[in-house]
Amino acid sequence: MAFWAGNFIVIKGALGVLPPVGFTLLRFILASAILLVVLRWREGRVRIPLRDLWPLAALGALGFGAYQILWTTALGRISAGDSAVLIATSPVLTALIAVAIGTDTLTRTKLAGAALSFAGVFIVVGAGTGVGFAGDTVGYALTLLGAVCWATYSALGGPVLRKHSPLRATTWATIAGTAVMAIPGITQLWTVDLASVGPPAWLAVAYSGTLAAGIGNVIVLNGIGLLGPTRITALQTLVPALAVVLAFLILGEPIRLGQVVGGVIIVTGVVLTRLGSRSPTIPVRRA
């Protein structure tokens, strides 16, 4: 969770040097390579049946490709702390989409959790843009749209993802997401003089590609195998709080009262939503 929280800070700091989708493409190429090596080492083979590849690729294009493009683009427009708090709504959005497609039921507890979470979103956005929402609402909207992409991946992906180990499914979904980023990422990088990019930006790519997207996912997948998905995914509520504190310590972003109150309300809503779900777990993601 610390690696994932730190990812918001690292990417935010690097976006002044590298373009958002270009940066994301570089780190996901690195993450894909790491996951392929670990998959080969842990399971002996990397291939996946063709009949499962296409649906998994479609899910990866949405849950990793579209999500990452939207999230990193938005991160250049809003604070790292606000971004982390808003992304924390993903479990609530997942539960609502699951209800809409008929794989889960709407309970009073779940409805209360969803209402609380969206009230928290309103507080966080209002604290960031002002009561009149005159600030960069595009950044907030793109962040929430990215959260919807991840939630859709989580809600629709169960039947496909359960056919394979979490490591194998995550690896191929990550590769598919990387392919989606290729054209816009290369287009953005084409405008950058990479020879002039300093060591801090390359260290950011290394951190984000290895510790956050690569090794971080492997650690969490192993944790799920040892302790079960419910206990591990519950730890994801730590990410926004850690990210807000790190953004204050490293980037100098102020910790606003609205941000803290909204974040607490969102996390409370997430907990209620999971308590009201038949299946309280979601696929591992991240940043």
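User: How many aromatic pairs does a search of the whole structure find?

Analyst: This is a predicted model in which local features need pLDDT of at least 70 and side-chain atom pairs count only at pLDDT 80 or more, while totals for chains, interfaces and linings use all residues. Residues are numbered from 1 along each chain as its sequence is written, and side-chain values use heavy atoms, with hydrogens and water left out. Rings of Phe, Tyr and Trp (its six-membered ring) pair if their centres lie within 6.5 Å, and planes under 30 degrees apart count as stacked, over 60 as edge-to-face and the rest as tilted. On that criterion, the number of aromatic pairs found in the whole structure is seven.

User: Is W150 buried or exposed?

Analyst: Buried means under 20% relative accessible area, exposed over 50%, and partly exposed in between, with a 1.4 Å probe and protein chains only. F64, the partner of W150, has a relative accessible area of 2% and is buried. W150 has a relative accessibility of 1%, so W150 counts as buried.

User: Is the pair of W150 and Y153 stacked or tilted?

Analyst: W150 and Y153 are three residues apart in helix α7, which separates them by about one helical turn. Y153 is buried, at a relative accessible area of 2%. The ring centres of W150 and Y153 are 4.5 Å apart and their planes stand at 40°, so the pair is tilted.

User: Which residues touch the most other members of the largest nonpolar core?

Analyst: A nonpolar core is a set of buried Ala, Val, Leu, Ile, Met, Phe, Trp, Tyr and Cys residues joined through side-chain atoms within 4.5 Å. The largest one has 48 residues, and the members touching the most others are F8, L18, F23, W71 and Y153.

User: Which residues form one aromatic cluster?

Analyst: Both F64 and W150, paired edge-to-face, belong to this cluster. Y153, which is buried, is also one of its members. The complete cluster is F8, F28, F64, Y67, W71, W150 and Y153.

Conventions:
Helices (H or I, at least four residues) and strands (E, at least two) are DSSP runs, numbered from the N terminus.
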